[in-house]
Amino acid sequence: MEISANTQAVLLLTVHLAGTGAGRFSPLTPKEWGRFAAWLKARGRSPQDLLHHDLQEILEGWEDNKITPQRLENLLRRGAALALSLEKWSRAGLWILTRSDPDYPACLKKLLKQDCPPLFFGCGNKELLNRRSMAVVGSRDADEAALGFAAKVGSTAAERGFVIVSGGARGVDEAAMLGALDRGGRALGVLANGLLKAVSSVKYRSHLMDGTLTLITPYHPEVGFSVGQAMQRNRYIYCLSEVAVVVQSGDEGGTWNGALENLRHGWVPLWVRKTADPGGAHEKIVSKGAEWLPDDLGQWFDSLKKRTPPEEAPPPTAPESTEPPTEGLSCYELFLTQAAIFCREPRTVEEMCGKWHLPKVQVDAWTSRAVDEGLLTKLTRPARYLVPEHRDQTASQWPGHIKEDLTFYDLFLSRLPTVLNQEKTEKELQEAFDVRMVTLRRWLKRAVEEEAIVRKESPVRYTKAIGKQLKIPRLK
């Protein structure tokens, strides 16, 4: 297997290799690699530079308590172990994709940004990674009715030209994939473990050979099963798809948690099979924002086909309204847009706190993250933050322009109607807004005082004020 120097560096830094141990020099996680890769890119460097140049010189200015120069150096020394693994993977017909490869799924980059996997191991047709697709998920121990329905969804998808994306596990996943393949359709399996074993399976081998099936994994091809990997893999299944269908789920476990995570982040529309279980898990998923799947699958598929795929959608025209585009905007993204203007000259944390009326702990968290991602430069003595001169190189990581007079509290209010679709605890609201608790409590207290929301006790939770419509700020 021939790989580029960039791919070699990414493998050395992010993949467990046999015989090298782990210990405190364990490979970088996707999140760790995301911020380190962004830092390299912001400085005009690529991963291959770590192999061919003085490491200490390249890492000058890099500060991270977990990703230390010693850890990076030890990971990069595993060249011999990597060579042996590459030979074995090559014999099995595997290939490797990194984020910089043109075949890497564009939808993953769009939805997960720096949290998408640094690489995928795979076998089969790479073109399926960027086709119109549908996720089908469900329990391993599904009943016969669910398995038959999953196969029907797969076969109908094959007739309508959709790629079925699933986890490749027994039960619903396998039934949907084989339902599509048996009808001459295409499928993409995102495995949590055992890729090397799966590619030699009799039920998949012929489909891999004829280009109708692709199997991928973000994990070592020979790694064993773990719950953590399976849970993380679920998000990739959703984000590789245009729409998702839950065939069978309980009120706990991987299918349940994956569906709720997708709804929480709003990655793709979620549909749920109707069952004769009032008050069951499927009804609970629908109550959290999913929709019931219509009885007529063919008509439903046809309605999906009429939609313009996300990657082919025309650029939106500028709205006539003066309303700022807050839908989907996170508080951190608003911070970046404001920092892009305010930090054109060096600014201290205290100056930013005064500018945006935020507690220091919140600004500390956001500036630290922005520095990790290469979107702000930290100057020392005294500590100040500055927008890099090369910000155009990382433009895709900066949100679009937002009106300068949009405040963080305004954004908080504008998103409350969607977030408070039912009573929420402080912890649930903190997860929804991704801010520090001290910041959230300030905003909640103000919203209660303004009678925009109601606080309930024992336990503390918040809901919409009865008879009142939540205020949506209009900035003119």
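**Exercise 1. In this predicted model, which residues of α18 are buried, and what do they pack against?**

Step 1. Q362, V363, W366, T367, A370 and D372 of α18 are buried. Buried here means under 20% relative accessible area.
Step 2. These buried residues pack against α2 (30-42), α16 (331-342), α17, β11 (384-386), α19 (408-419) and α21 (437-449).

**Exercise 2. Check the span of α18 against its number of residues.**

Step 1. α18 has 13 residues; at 1.5 Å a residue, the helix should span 18 Å.
Step 2. The C-alpha atoms at its ends are 18 Å apart, so the two values agree.
Step 3. Look just past the helix. G374 follows α18 and has a positive phi, near 75 degrees.

**Exercise 3. Describe how α17 and α18 cross.**

Step 1. Two packed helices are described by the angle and the distance between their axes.
Step 2. Helix α17 covers residues 349-356 and helix α18 covers residues 360-372. Their axes come within 9 Å and cross at roughly 115 degrees.
Step 3. The crossing of α17 and α18 is right-handed.
Step 4. α17 contributes V349, E350, M352 and C353 to the contact; α18 contributes K360, V363, D364 and T367.
Step 5. Sort these residues: four are nonpolar, one is polar and three are charged.

**Exercise 4. Work out the order of the strands in the open sheet, and find the helix that packs on it.**

Step 1. The order of the three strands is β12-β14-β13, with antiparallel pairing.
Step 2. β12 (424-425) and β13 (453-456) are the edge strands, each pairing on one side only.
Step 3. α21 packs on this sheet and touches β13 and β14. The direction of α21 makes about 110 degrees with that of β13.
Step 4. Two bridges join β12 to β14 (residues 461-464). T425 has R461 of β14 as its bridge partner.

Terms used:
Residues numbered from 1 in each chain as written. Predicted model: local features only at pLDDT ≥ 70, side-chain atom pairs only at ≥ 80, totals over all residues. Heavy atoms only, no water. Axes fitted to C-alpha atoms, helices over the stretch in contact; angles between N-to-C directions. Helix = DSSP H or I, 4+ residues; strand = E, 2+ residues; numbered from the N terminus. Left-handed = near helix turned anticlockwise from the far one by under 90°. Contact = heavy atoms within 4.5 Å. Nonpolar A, V, L, I, M, F, W, Y, C, P; charged D, E, K, R; others polar. Expected span 1.5 Å × (residues − 1). Buried < 20%, exposed > 50% of the residue type's maximum accessible area, 1.4 Å probe, protein only. Pairing = 2+ DSSP bridges.
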